[in-house]
Amino acid sequence: MRRGISRTLLASAAIAAAIALAGCNPGDMSPSGRSQAPLSEKTLAEIASKNMDKDSPILARIFKEEAELEIWKKDRNGEYALLKTYPICRWSGDLGPKKKEGDRQAPEGFYTITPGQMNPASNYYLAFNTGFPNAYDRAWGYTGSELMVHGDCSSRGCYAMTDQQIQEIYALARESFYGGQKAFQLEAFPFRMTALNMARHRNNPNFAFWKMLKEGYDNFEATHQEPKVAVCEKRYVFDAAPPDNASRPLSFNARGKCPVYQLDKTIADVVLDRRHKEQVQLAQYIAEGVATVPSRKGIDGGMNPAFAEKITVQQGYDAKGHAIQVATAPGALPRNDDTPAPVTMVSVPQDPAQAANAPVEMAHVPMPEPAPEPKIGQAPPQPKPTSIAGLIGNIFAAAPTPAEAAEPTAIAEPPAHQQTANGHPVKLHAGHGKTELAAKAKHPANNRVAHNTAKPTAKPETTSQAAAQASDEGSTASGPQLRTAYSAPAPSNRDNTLRGAQPVVPVGSFDSRWTGLR
């Protein structure tokens, strides 16, 4: 009876703190809300199989490069053991710490999550605040706020999971608070901090910062106990203990001088042994010349391959002409079985290495041939005199009407010896200041002759009809379109969206949200 009452009081306290944090939409706070969803039978069975209790303490670790979030749970032997690894749906920015508001960086470091940081009323299904900036971040003057681990698969400085994942992670945290854990530790790393990965990233400007984080990483790997974290002299200190002759407890000031301390003797042997082995291994990898990772410049964040494999990519360009990859999202991970999965278009920055190696196609326009030489004894042809009326008539005949000016006047493709999709040869030639395409087709209905001043014998197709037919026949698949200073804008694509434009996508889905901005 007392246990039930205490759980109710703890739940009420957590909910009240979350309302203060969320500041809106308390309607989902009821026991039937998503924040009170129970753990699945499968997860409960997994907890029991690993000698853990449902409400035992947890610890979370995040790895950016691998795009994974781990939940560790204390077993009945008093050590933390890995319960589950979740693929991260989306994280933004680059490897390295967050330093200022708006830099799109997801934080790295050691953070403390209390019940007051849990947000059951999040606009991103469920969430908890990472606690950025912590004492270390504030010591360096880093700025930023509301950096979360949340659902909805959309990130701007956050770690985004799917709704199903965050619901289970939220429930695991909730149960640990019910069990008496006052706060759980969140450790955010750029990658799994092995000696090999450190060697691969040794040229990164953040290497010194990462060496400091690795001390805490190694402490946990060696002991499977939550490292005690302090900050002094603007750096992290792990598992510090007072010296043997100390008369007072340690006191740390994030910007002040570090007090005299020593590594906790209860773990010193195993921790120092691991650190030594890792340092020797790192030096060995560097001496062997392990290749460093290429620059990530121009790449925003990452996604676990479990999600990336569901996205098909094709070449495209954004509104400024920069090469991008246009990804067709396969649809949402539905929040219930009745929700349809929409198909949307999202833009993905192209890997600069791939863009640099992409072949460059050169368009070729043949120069006009010189006029034939007159035969011997034959006078050269004389131009016919043009009357003033005839000259005015030619000027008005050459000028396009407003309706004609609004339509593209030519559909051109390089090179001159290519064929159209229906297999007929095409020829590029210059005339009247425009690049024109003449397609010789067997059937008059397939002919496309672009010439402003010519008078066709049959009514020509409108440009929109020709573009639609060219798209149906796959004529745009042969290569990029040739554009000149006089060419009209290229016709729009099949779904009537401008090429390179950011589409309007629905809120609350998985794949349609993964590159969205919060």
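Helices (H or I, at least four residues) and strands (E, at least two) are DSSP runs, numbered from the N terminus. The model toured here is predicted: local features need pLDDT of at least 70, side-chain atom pairs count only at pLDDT 80 or more, and totals for chains, interfaces and linings use all residues. Residues are numbered from 1 along each chain as its sequence is written, and side-chain values use heavy atoms, with hydrogens and water left out.

Begin with Pro-133, in the loop that runs between strand S7 (127-129) and helix H3 (135-139). The peptide bond between Phe-132 and Pro-133 is cis, with omega at about 0 degrees.

Next, select Asn-51, located in the loop between helix H2 (41-49) and strand S1 (58-63). Although Asn-51 is not a glycine, its phi is positive, at about 60 degrees. Asn-51 has a relative accessible area of 29% and is partly exposed (buried means under 20% relative accessible area, exposed over 50%, partly exposed in between, with a 1.4 Å probe and protein chains only).

Move to His-224, in the loop between helix H6 (207-223) and strand S11 (229-232). His-224 is another residue other than glycine with a positive phi, here near 55 degrees. Its relative accessible area is 25%, which places His-224 in the partly exposed class.

Now display helix H4, residues 163-178. Its 16 residues reach 22 Å from first C-alpha to last, close to the 22 Å expected at 1.5 Å a residue (the expected span is 1.5 Å times one less than the number of residues). Of the 16 residues of H4, 14 are buried, so the helix is largely enclosed by the rest of the structure. Just after H4, Gly-180 takes a positive phi of about 110 degrees.

Select Ile-71: its contacts (heavy atoms within 4.5 Å), not counting residues up to four places away in sequence, include Ile-58, Leu-83, Tyr-86, Ile-169 and Leu-172.

Finish at the open sheet, where five strands follow the order S4-S9-S8-S7-S6 with mixed pairing (two strands pair if DSSP finds at least two bridges between them). Strands S4 (90-91) and S6 (118-119) are the edges, each pairing on one side only. S4 and strand S9 (residues 159-160) run antiparallel and are joined by two bridges. Arg-90 stands opposite Ala-160 in S9.
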